[in-house]
Amino acid sequence: MNTLSQLLYLHPVHSALDTRCALGARARLERPAEAGGVAPYHLVAAGSAQIHIAGEPPICLGAGDLVVLARGQAHAIAACDDMAGQSAAPGLSATPPEILCGQFRSGHAASSALLCALPAIVLIRASSPRRLADITALMRMLGEQDGSGATARHLASALFSMLLDAWLEQGSHVTGLLALMAEPKLRPALQKMLAHPGADCSIDQMAAACHLSRSTFLRIFRHASGDAPAEVLLGLRMAEARLRLARGERSIGRIAEAVGYQSESAFNKAFKRHTGIAPGKYRRDLPHAFR
């Protein structure tokens, strides 16, 4: 798997197409704020629209534009001439907009590292016609799924990857795990951690893999991700542990050993500190859709 595929394996992003709507001249789609780990997205398939996000100025969207609200902000969508009394911006279509609306979701707040690495508003302007067709096709296929099962998970990962590629091509700023993936100098360290999250991985080993001095590695790493290497490695270990718990592995002691802990008690403390819930309760409470 490539680096992004590995990150999506550890931090799975689920998705579903909620609605497909054609907004009339006075129609307005209102959406309340979402819970943590839920990121609504909207693709303008035809026409033009305007999105109003709480606390932000309205944003005009043309055909092929897509917006992801990574923090689940309350928002509203309407035709460009219906939001806040403003007329459509020059060059935008007066055709009533057709909009595909969906959500990205993580299974647990602690597993939303990729969504958290995105800014609050991800605006992707219309890209190549072929990419737009691919994104639209994926979203429509998601609309035919029930939100669970391997097919839906693969479609969600493919859609998230495609949107992320389009967004990064715009030269957009990233943080956290995505910043480590996007920085060529640090990618070897991230790949080393992803390959064996439970293995010992010292700062000197990671710096050597990146062909950097220890001090230079630490400086670039913290600047890119905002965290120390040990914190990133801990997050990857806990992500691996969550996957094993979700798969129903019975021995928590074996899970602890697999992610680098020599005792079950030490793992239990680290997992609860990181996720806010004990491993056993996490496994019992996890919704079936996220297993």
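## Cavities

On a 1 Å grid over the protein atoms alone, a cavity is a set of points where a 1.4 Å probe fits but cannot get out. Searching the whole of this predicted model turns up two cavities of 30 Å³ or more. The largest cavity has a volume of about 80 Å³, a volume being the space filled by probe spheres set on the points.

Which residues line the largest cavity? They are Val68, Phe104, Leu118, Val122, Ile124, Phe160, Leu163, Leu164 and Trp167, where lining residues have an atom within 4 Å of a point. Strand E9 (121-124) and helix H4 (149-169) are the elements that give two or more residues to this lining, and H4 gives the most, with four residues. Helices (H or I, at least four residues) and strands (E, at least two) are DSSP runs, numbered from the N terminus.

## Helix H3

Let's turn to H3. Helix H3 (residues 129-143) has 15 residues and spans 21 Å from its first C-alpha to its last, close to the 21 Å expected at 1.5 Å a residue; the expected span is 1.5 Å times one less than the number of residues.

Its buried residues (under 20% relative accessible area, 1.4 Å probe, protein chains only) are Arg131, Ile135, Thr136, Leu138, Met139 and Leu142. They cover an arc of only 160° around the axis, so they sit on the same side of H3; the arc is that of the directions from the helix axis to the C-beta atoms. The face turned away from this buried side carries Pro129 and Arg130, which are exposed (over 50%).

## Basis of the model

Residues are numbered from 1 along each chain as its sequence is written, and side-chain values use heavy atoms, with hydrogens and water left out. In this predicted model, local features need pLDDT of at least 70 and side-chain atom pairs count only at pLDDT 80 or more, while totals for chains, interfaces and linings use all residues.

Notes. 1 Å grid on protein atoms, 1.4 Å probe; cavity = no way out; pocket = protein on both sides within 12 Å on 5 of 7 lines; lining within 4 Å.
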